[in-house]
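Biologist: I am new to this structure and would like a close look at one part of it. Please take the salt bridges and the elements they join.

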Amino acid sequence: MQTEQSNGVVSKPVYQPVELNPKSSFHLFIAEQNVTPAMQSLYDHCLKDKKVTVSSDASDPELLKSLACFPLVGTLYLAGTEPFIWRVASYARQAGLRPDQMLMMTPVTRERHLFCCHCYQITEGVTYSPFICAGCGLSLEVTDHFARLHSAYFGYQANAEDRANLPERREVS
Amino acid sequence: MRVAPKDIQSFRDDFTYSNSAEAIERFPFPFAEDEYRYSVNMEPHLPKGGEGSAYEKFLDIDEHYLSEMAEREMVLNEMPHRCLAMAHMDLACWDMVERVMVSLSEDYPDYFSLTREGDRWSWENKLLNIKDQFTFGDSSSLPMPPLDYIGRQVQGDFALLDQREGDLFLDAGIITCPADWSLAFDAGMSFKEWHGPVPMAHSEGIFDRALKYLIAIPVGKPVRRLNWTLTVNARMDTSPEKYHEWGHERTSVTPENVGEKVYLRVEVQVLDRMPRSNAMMFSIRTYLLSLEDLVTNKEWAVRMHRAMKTLPEPLINYKGLTRFHGTVVDYLSQFDPLN
């Protein structure tokens, strides 16, 4: 199967420190549930036209509306869990935003969504590997291969080759 | 002489799949050097090797045609999501319909025929007893979506890559015999994302160079490359979707059965620019050859041994060979005089 390498799987997102885009004349801050201290600091330092939206649901109609009329000169800042950030980003892409208009802040937890390649179900709150699939119940190896469309990591049965030999539990970061 | 399609054999359960002497002779053996190393290894997809060669025609139809089409139907009946096309890929799907129908009917007139009167097309596939009339570009005029329709009539997996933002996106495909990757998961990914799990090549800059090369390919100048792995049993569908069913076979290789149980799996990959959509048609034509058939060619046996012996550890793991790689090298060593 697709094994992880010490030099890293390229599809795994890397989050750089986020700074205000000085070229932008409109700044939209979207946070999941709470505005994080890092986002609050950015917001406080932003002296241009700005707006904050807090939503626990990436498909919130108000949120989608603000993306639909997003200006070309705007920058979008995203904070929350990784699945939330990427789901909003995916809606933003559909609304016509360019990748360079979206700045993602380091996710607030290391919990992952895990895509089971056997039953296609997504299991939430994954912090270690192997992890039991909520759909089919198999023990899944949690990889670093990330699909933005699913906002989830790739998982496959950890002991398919030798049922008696389940890999030792390890934390994923 | 080309090998004609023969009766249906199986790629699962009782594994009746076999290669004739002619099929062994024309097998696209992938190792050009004794030592294995990574390279972009692309060349123009032009005829090579003369009459009957696997590279003679744009699309290779061989003795396994009926078997592979029967296998594809079984996979799709069970898992329809193994064929998918995002809405914006409709035109690319029709590009592919044209490319496949035109080349098959020109290269194999005994098996396939195409008549075009404007948008009114008549297609006949004598091997599968299919005869349809349809309006080119009108998906409702076909009995199933265009990618599904044509994909069930041609050997090999097909992916359609949308080109935008200087990148290629995996936005459509019919993938029933993958070497361990999932279309459902990788759908929509950029070139580097879907190659994410491949070791070594990223740091060596291979994907940067390959992508630059691929996005510049013009219409009418297809290129090809070979890829390979080893598969236990003649299993076409080595998909992650089914890994929980076939994974255990990797523990079944012994010094006694390695020659008949382990297959060299070669993919002839062709990248061809589509004229209307500007998409890239990426065909992945898979060939399977058991080691005991492979070693009937003395040169291949020696080279195979040396390539396997020098395979870097990260690739052994990535290709899933860890459990039986040593057994393969030991078996092949008896055919190498320098050993």
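How many salt bridges does the structure hold over all chains?

Modeller: This is a predicted model. The structure holds 35 salt bridges over all chains. Let us follow a few in chain B.

Start with R72(B) and D157(B). Their side chains meet in a salt bridge, at 2.8 Å from N to O. R72(B) lies in helix α2, residues 65–78 of chain B, and D157(B) lies in strand β6, residues 157–164 of chain B, so the pair ties together parts that are 85 residues apart in sequence. Are these two buried or exposed? R72(B) has 2% relative accessibility, so R72(B) counts as buried. D157(B) also has 2% relative accessibility and counts as buried.

Now take the helix end of this pair. α2(B) has 14 residues. From first C-alpha to last, α2(B) reaches 20 Å, close to the 20 Å expected at 1.5 Å a residue. An α-helix has 3.6 residues a turn, so residues three or four places apart point the same way.

Next, the strand end. β6(B) is mostly covered, with six of its eight residues buried. β6(B) has two pairings to look at. With strand β10, residues 280–290 of chain B, β6(B) pairs in the antiparallel sense over five bridges. Here D157(B), the salt-bridge partner of R72(B), stands opposite I284(B) in β10(B). With strand β7, residues 167–174 of chain B, β6(B) pairs in the antiparallel sense over seven bridges. In that pairing, L160(B) stands opposite A172(B). The hairpin of β6(B) and β7(B) has two residues between the strands. In this hairpin, E165(B) takes a positive phi near 50 degrees.

Another salt bridge joins R82(B) and D237(B), with the closest N and O atoms 2.6 Å apart. R82(B) lies in the loop between α2 and β2 of chain B, and D237(B) in the loop between β8 and α8 of chain B, so this pair ties together parts that are 155 residues apart in sequence. Both R82(B) and D237(B) are buried.

Some salt bridges share partners. They join R26(B), D60(B), D62(B), E68(B) and R285(B) into one network.

One more pair remains. E56(B) forms a salt bridge with K57(B), and their closest N and O atoms are 3.7 Å apart. E56(B) and K57(B) are both buried.

Key. Residues numbered from 1 in each chain as written. Chains lettered and ligands numbered in written order. Predicted model: local features only at pLDDT ≥ 70, side-chain atom pairs only at ≥ 80, totals over all residues. Heavy atoms only, no water. Salt bridge = Lys/Arg side-chain N within 4 Å of Asp/Glu carboxyl O. Buried < 20%, exposed > 50% of the residue type's maximum accessible area, 1.4 Å probe, protein only. Helix = DSSP H or I, 4+ residues; strand = E, 2+ residues; numbered from the N terminus. Expected span 1.5 Å × (residues − 1). Pairing = 2+ DSSP bridges.
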